[in-house]
Amino acid sequence: MSASAVRLTARGVTHAFHALTVLEGVDLDAAPGEVTVVIGPSGCGKSTLLGILGGLLAPAAGEVRLAGAAGGECLNPITYVFQDASLLPWRSVAGNVSLVLEDTPLPASERPARIAEVLAQTKLSDFAAAWPKQLSGGMRQRVGIARALAVRPAVLLMDEPLSALDAQSRALLLDDFAALIARASVTCVYVTHNLAEAALLGQTIVVLSRRPGKVRAVRRIEQPIEGRHPEDPRLLEVQAELWELIRDDAAKAEREIAGADA
Amino acid sequence: MPTLEGMVPFRARGFAPRDIPAASVGTLIGLLALWQAAASFGWISTAFTSDPFSIGRALWILARSGQLWVNLWASLQRLAIGWVVGTVAGLALGLVVGLFTVARSPGMAVVSALFPVPKIALVPLFIIWFGIGEGSKVATLAFGVFFPTVINVVAGIDGVPRSLIRMGQAFNMSWRSIVLKIVLPGALPVILSGFRITTSTAIILLVAAEMIGAEKGIGAFVLEAGNLYDIDNLLAGLVLLSVIGLVVSWVLGRLERALLAWR
Ligand SMILES: Nc1ncnc2c1ncn2[C@@H]1O[C@H](COP(=O)(O)OP(=O)(O)O)[C@@H](O)[C@H]1O
Ligand SMILES: [Mg+2]
């Protein structure tokens, strides 16, 4: 598969829910084929930003642009992996993947092969016929990523896909996700509040301040994603740096009463 | 400070009622047997009541003479047509109200205003409009089924998680696909449980409408038996209604199990 050559750029993105300003003048550059991690304390507007990046929310001000050529097989240029997986409970694992292929130009005859391929990539082949309710949280997220990979996205937007999981499932999935993202070579924006995930996946790390979210810092990690190790001292150093940047904000965000400043 | 010694007592007893299927059947058979005994041994007067054997015999005679089938068929036909018409119309309006802003407030206003009107009160009006024949009866049922169906379909659609609809949009699914593959299946559990309410409403209205002006049908039959102080036949009619209710509820249960296996 050819690497995604699509760049996603946000300029001056500002958003408010009623009187609550959530994002203020956010600029973001997601370079083609790279993973851009957005990190920030909870409630700072990360999901809102991702919604705006993917065209699910209209920003109050600012704009988001795509530039570049998507691969020839691309069926849905901007594709999401949601925090809660968002699977249809009345469709099997395979049915959930099929769902997003049914409205596309992919011939129905090629659908089963495509489904089998992404289920194999996400280690779900044995669970094709299972209902979502039978799966663990980690397995559901695997379905979420299988579904996203099935449409050969140019841009992959991931909203804290591991945050609802226990630490062990998270560690297992993180390894797999890193490999899958690296191999699919999409332009990826990965939102998290987890420093370890940021250091393991990020090539560019955008640090947001607490609400209203503004860009506090942008950090590069040149090391390729595949082969990164959680105990790597350089990555631990990055984590420490990131923590320095967000600690005060995180502490304040924790004490905030939702909507108190609205 | 009190000293603690000995086994930790188990404290989590009770608050976990279980179903025992044999007990349901047993209770019904026991009650029938008790009733029969009470009548046979003269504990209760049979002048104004009856007993299970007499009711059974009445049903047998009705079946042999063909009267049972004529009335049953008339009632089932009205029930089926009235319920289907009301349900289809209710599904259609419920969908429109559930999906479109322009229809929502106007639709809900009309439904809310008409829903509380006891539908039986409309029978005289429908007789004027549709005549004393089948039209007025079917219309009464359809009308009675229509409003709760609309309300249920709207509630079902409102209950579909927006996140699933956003997911569909994020994958560029067409509007039609989102409605057919996300909204409707998501609303189905609520819609199906609404069917339980609308079918029992329909049976109530069926009997009421048949009592107001019909020659055939279980409602008419029960009314006539009452006028003749024929308690065996009157209760035989009630048994038929109960059986219809049980069969409908069984069918709906099967339907739910088949369609909602994923839950
Ligand atoms: N649809 C909405 N309506 C009103 N407030 C919202 C809505 N969505 C999010 N918010 C508020 O906006 C802020 C940012 O939310 P979100 O983007 O979900 O933060 P994050 O993903 O960083 O935790 C939060 O305070 C949240 O309560
Ligand atoms: Mg979020």
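**View 1. The largest pocket and the residues around its centre.** Thirteen residues, 13 in number, line the largest pocket, and Leu56(A), Tyr80(A), Phe82(A), Asp159(A) and Arg166(B) are the ones that lie nearest its centre. Keep in mind that this is a predicted model. The pocket's volume comes to about 300 Å³. Which helices each supply at least two residues of its lining? They are helix H1 (46–53) of chain A and helix H7 (162–170) of chain B. Of the elements here, H1(A) gives the most, with 3 residues. Sort the lining by class and you get 5 nonpolar, 5 polar and 3 charged residues.

View 2. Still, 70% of the contacts in chain B with a separation of 6 or more join residues 24 or more positions apart. Buried residues make up 40% of the chain's 263. As for the surface, chain B exposes about 15500 Å², with carbon and sulfur atoms supplying 71% of it.

**View 3. Pro116(B) in its loop.** Here we zoom in on the loop between helix H4 (101–114) and helix H5 (123–130) of chain B, where Pro116(B) has its place. Is Pro116(B) buried or exposed? It counts as exposed, because its relative accessibility is 57% and the cut-off for exposed is over 50%. Phe147(B) is 31 residues away along the chain, and the two C-alpha atoms are separated by 9.3 Å.

**View 4. The largest cavity, in chain B.** A search of the whole structure turns up 2 cavities of 30 Å³ or more, and the largest has a volume of about 40 Å³. Its lining is made of Leu62(B), Gln67(B), Leu68(B), Asn71(B), Ile218(B), Phe221(B) and Leu240(B). Two or more of these come from each of helix H3 (67–99) and helix H9 (218–227) of chain B. H3(B) gives the most, with 3 residues. By class, the lining has 5 nonpolar and 2 polar residues, and no charged ones.

**View 5. The second largest cavity.** This one has a volume of about 30 Å³. Among the residues lining it are Pro148(B), Asn152(B), Ile191(B) and Phe195(B). Helix H6 (134–158) and helix H8 (175–213) of chain B each give two or more residues to the lining.

Technical notes: Residues numbered from 1 in each chain as written. Chains lettered and ligands numbered in written order. Predicted model: local features only at pLDDT ≥ 70, side-chain atom pairs only at ≥ 80, totals over all residues. Heavy atoms only, no water. 1 Å grid on protein atoms, 1.4 Å probe; cavity = no way out; pocket = protein on both sides within 12 Å on 5 of 7 lines; lining within 4 Å. Points joined across faces, edges and corners; volume = space filled by probe spheres on them. Helix = DSSP H or I, 4+ residues; strand = E, 2+ residues; numbered from the N terminus. Nonpolar A, V, L, I, M, F, W, Y, C, P; charged D, E, K, R; others polar. Buried < 20%, exposed > 50% of the residue type's maximum accessible area, 1.4 Å probe, protein only. Contact = heavy atoms within 4.5 Å. Areas by Shrake-Rupley, 256 points an atom, 1.4 Å probe, with all protein chains shown as cover.
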